[in-house]
Amino acid sequence: MKKILLVTLTMLFLAFTAFASDPETFVTLTISEPETLDPLQSYDTASGEAIQNLYDNLIQYDGQSMSEFLPMISTEVPSVENGLLSADGRVYTFPIREGVKFHTGNTLTPEDVEYSFERYILGDPSGGPHWMIIEAFTGANFASIEDLFEDYAGMPYSEAVDVDRNPTSEEARAKLISFYEEVVDPLVEVVDNTVVFTLESAFAPFMNIISHFGSWSAIVDSKTVKELGGWDGNADGWWKWHDLEVEECVLHNFDAGSGPFKLVEWDRAQQKVILERFDDYWAGPAKLKTVVIWGVDEFSTRKAIFEAGDADIVYFPAQYLDQARALEAQGKAIVTLGYPQATITSLHFNWLVVEGSEYVGSGKLDGKGIPRDFFSDIHVRRAFTHAFDAVTFIEEVAMGQGRLVPTDLPEGFLGFDETLPLTEFNLAKAAAEFKLAWGGEVWEKGFTMQLMYNTGNEARQTACEMLAYFVNSLNPKFKITTLGVQWPTYLSTYQNGLLPAFVIGWQADYPDPHNFIATYYASNGVYGKPQGELYQEWARENVDEMISAAIKSTDLNEREELYKEIQRRVIDAVVGLPIYQPTGINVRAPWVEGWYPMPVRSNYYYYHLSKSN
């Protein structure tokens, strides 16, 4: 076995040495590989990294700012002052840059922009990212194109289109066509050399959603997509390209972009993507000629290649931080730590578990289970939050690479308020709250329940085990056990309201508080719904209107105050337990220039990078 490993390492060293010796070639060692190269399906970091280097968007972020923008395919950033944004915040006009070339040689036109967005809206794959665009245009939280069709046609999409993607009747076909013509097509229109976007109502983070680093709004070469067999751009038949599987998408392993790099090879067997500089890039050619993004899952192999000087950036998990620091001490690496990440991990409670759940034991407060509405008692929720040692979790599990936050809103986002109270680990207070819970019956009778986590996620497993240990230590009648299950099982059980509590994380799709506040706290949010009907009632009465008002407002001060008030209310109601906000780790060679942290970027944008040697 050692001999085989040595041969493998030798082959990898030889392969990378040729790359690393070239100052115009950049090698990144990461884990895994993209799921797809089609912006229609991309909703993972590895795919996003490749796509953001292959494609352009209408606008781009200004350096590290998450609220200031620069032109990209559009020659101007819309604002009320320049007349490209209507005073009511609903109509955006983007003048399109002339002379931009796709990698295919075709010239980018305003029609390509319109086609790209309509392809995303109509394609809207299950589990994909395009609910963001649909929400921005329509104001319908977390809606799909099928939801919009049902609202328009008065019939479910599944009754209009059969499993073979054919209309179920001529009446259904007519409704599908008119839906495109009357609902979808007016959203994005070409006017001379501009593209005009019309929203149902003002949507504050609209420009974040369409900005670069968001693969879901990349501009594609419509002529090439059509030639490859993608949506033909017609109203009649658009449903044939709706909700395709990943590998059915025509750009799954094809490049139809105009970005600074073009695709050379995607080697699935070696988890390797090779990009080459696009010399006709509208903003000027990149400094790097070749980029190699290589998924090397085994840490010791990644480290050995990097330590030998045969790679430029390498992924280091937090548990190996000491080894990264040792390389830095030897002058072989630069290690940057502690920068904010746009992600949160937290525990949330289900105030009313659905009937039939197997995770509540007897379903009664008899020491053998919990009632379905166990967490509807605020004293139970307070007790659980006081029984979690977040400081130790960050220091010993996250190796210090995280920070405490008062709510599910990351530091650095509009509305983050450092004056809000943090959750306090205090077992005496936890015991006092348990004694008050359910009129004293919880302490007297005890309870039994399970905390579930998805196997392989060691941080979530440890969080569940820590919470179980401390709660159980308070009273011999308290019996919390932990259970690891595969991700699909975990996903379905919490989404369907079967779990009494769940540990979950969220990484920003775009840098706006709505992406966290609505997700966690709105009654119909991705994590709001699984908190049960009783929570949903509370949310409708206490925060839903404020969440809606905040996303429609174009006044930053007003939005900030609304988000702060929402957070005060969820803290008072003990809606959840924010475990931590991870902070970043970047390990790169000393010769790498141009890197800077950016929470919403998918790993690296190589147009900004170069090598000093």
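Q: What share of the chain's contacts between residues at least 6 apart in sequence join residues at least 24 apart?
A: That share is 70%, where a contact means heavy atoms within 4.5 Å. By the way, you're looking at a predicted model: local features need pLDDT of at least 70, side-chain atom pairs count only at pLDDT 80 or more, and totals for chains, interfaces and linings use all residues. Residues are numbered from 1 along each chain as its sequence is written, and side-chain values use heavy atoms, with hydrogens and water left out.

Q: Why is C249 called buried?
A: Buried means under 20% relative accessible area, exposed means over 50%, and partly exposed lies in between (1.4 Å probe, protein chains only). C249 has 4%, so it counts as buried. C464 is buried too, because its value is 2%. Across the chain, 56% of the 613 residues count as buried.

Q: How many disulfides does the structure hold?
A: The count is 0, going by a cut-off that asks for a pair of cysteine sulfur atoms within 2.5 Å. In general, a disulfide is a covalent bond between the sulfur atoms of two cysteines.

Q: What makes the phi of R165 stand out?
A: It's near 65 degrees, a positive value in a residue that isn't glycine. Most residues other than glycine have a negative phi. You'll find R165 in the loop between α6 (157-160) and α7 (170-184); such helices (H or I, at least four residues) and strands (E, at least two) are DSSP runs, numbered from the N terminus.

Q: Is R165 buried, partly exposed or exposed?
A: Its relative accessibility is 24%, so R165 counts as partly exposed.

Q: What about Q271: why is it called buried?
A: Its relative accessible area is 18%, so it falls in the buried class. Q271 sits in the loop between β7 (261-267) and β8 (272-277), and has a positive phi of about 55 degrees although it's not a glycine.

Q: How many helices and strands does the chain come to?
A: There are 21 helices and 19 strands.
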